[in-house]
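Here are some questions and answers on a few residues of one chain. Please keep the model open while reading.

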Amino acid sequence: MIVGEDYRLLVIKNELVAAAKRTPAHIVGNGSSTVQELIDKVNEDPRRGYGHENVLTQITVNALTETIIAAAGYTLVSVLPDGERLILKDTANLSTGGTAEDVTDIVHPANVSMAERISKIIDLDICGIDIMTTDISQPLADTNGAVLEVNAAPG
């Protein structure tokens with residue numbers, strides 16, 4: 001099992017051009033609102049839409065979401081304690097309600113070199129390289145991080 005945060009490295013013409021820390025759809029409790037009310041509040045963000053119409057995607061509640069909520073000991077009508085973070089999806093994809101934070105400026109040079117080498121080996125002009133690591137500012141080898149996937153058509 002690889003422990004850490006989910007990152008997407010975007011390589012174009014064998015050069016790293018952007019990096020993002022991707023966070024799964026989640027809510028943070030306030031001690032008074034239910035899980036469903038907190039989801040509704042997050043979805044009020046005008047940047048959230050359906051599909052790829054906006055920068056971010058609405059968080060939808062489906063069977064998987066309910067399973068994840070139940071595994072954490074809650075239901076949609078539970079009140080989440082103040083400050084508690086509840087993950088709602090099992091992936092950090094923007095298309096499932098996740099968010100992305102630009103971390104391009106802190107990617108360690110060894111990770112930049114690795115990403116660029118991968119794009120050359122696979123011979124892709126554009127690719128998204130998904131990695132898991134505890135600290136993107138350190139070489140993957142030092143953090144026991146790993147490459148999870150290489151996408152030929154990153155979103």
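Q: Is Asn 111 buried or exposed?
A: This is a predicted model. Asn 111 sits in helix H3, residues 109–122. Its relative accessible area is 1%. Buried means under 20%, so Asn 111 is buried.

Q: Which backbone nitrogen does the side chain of Asn 111 reach?
A: The side chain of Asn 111 makes polar contacts with backbone atoms. One is the backbone oxygen of Ile 136, at 3.1 Å. The backbone nitrogen is reached at 3.0 Å, and it belongs to Leu 140.

Q: Which residues does Asn 111 touch, leaving out those up to four places away in sequence?
A: Ile 136 and Leu 140 are among them.

Q: Is Gly 31 buried, partly exposed or exposed?
A: Gly 31 lies in the loop between strand S3 (26–28) and helix H1 (35–43). Its relative accessibility is 43%.

Q: What separates the C-alpha atoms of Gly 31 and Glu 116?
A: Beyond four places in sequence, Gly 31 touches Val 79, Leu 80, Pro 81 and Asp 82. Glu 116 is 85 residues from Gly 31 along the chain. Their C-alpha atoms are separated by 46 Å.

Q: What accessible area do Ile 12, Val 17 and Ile 126 have together?
A: Val 17 is in strand S2, residues 15–23. Val 17 is partly exposed, at 40% relative accessible area. With Ile 12 and Ile 126, Val 17 forms a nonpolar surface patch of about 220 Å².

Definitions and conventions: Residues are numbered from 1 along each chain as its sequence is written. This is a predicted model: local features need pLDDT of at least 70, side-chain atom pairs count only at pLDDT 80 or more; totals for chains, interfaces and linings use all residues. Side-chain values use heavy atoms; hydrogens and water are left out. Helices (H or I, at least four residues) and strands (E, at least two) are DSSP runs, numbered from the N terminus. Buried means under 20% relative accessible area, exposed over 50%, partly exposed in between (1.4 Å probe, protein chains only). A polar contact is a pair of N or O atoms within 3.5 Å; within protein, one must be able to donate a hydrogen and the other to accept it, and residues adjacent in sequence count only if both atoms are side-chain atoms. Contact means heavy atoms within 4.5 Å. Patches are made of residues with over 30% relative accessible area and no salt bridge: like charges are joined within 9 Å, nonpolar side chains (Val, Leu, Ile, Met, Phe, Trp, Tyr) within 5 Å. Accessible areas come from the Shrake-Rupley method with a 1.4 Å probe; for residues, only the protein chains shown count as cover. A salt bridge is a side-chain nitrogen of Lys or Arg within 4 Å of a carboxyl oxygen of Asp or Glu.
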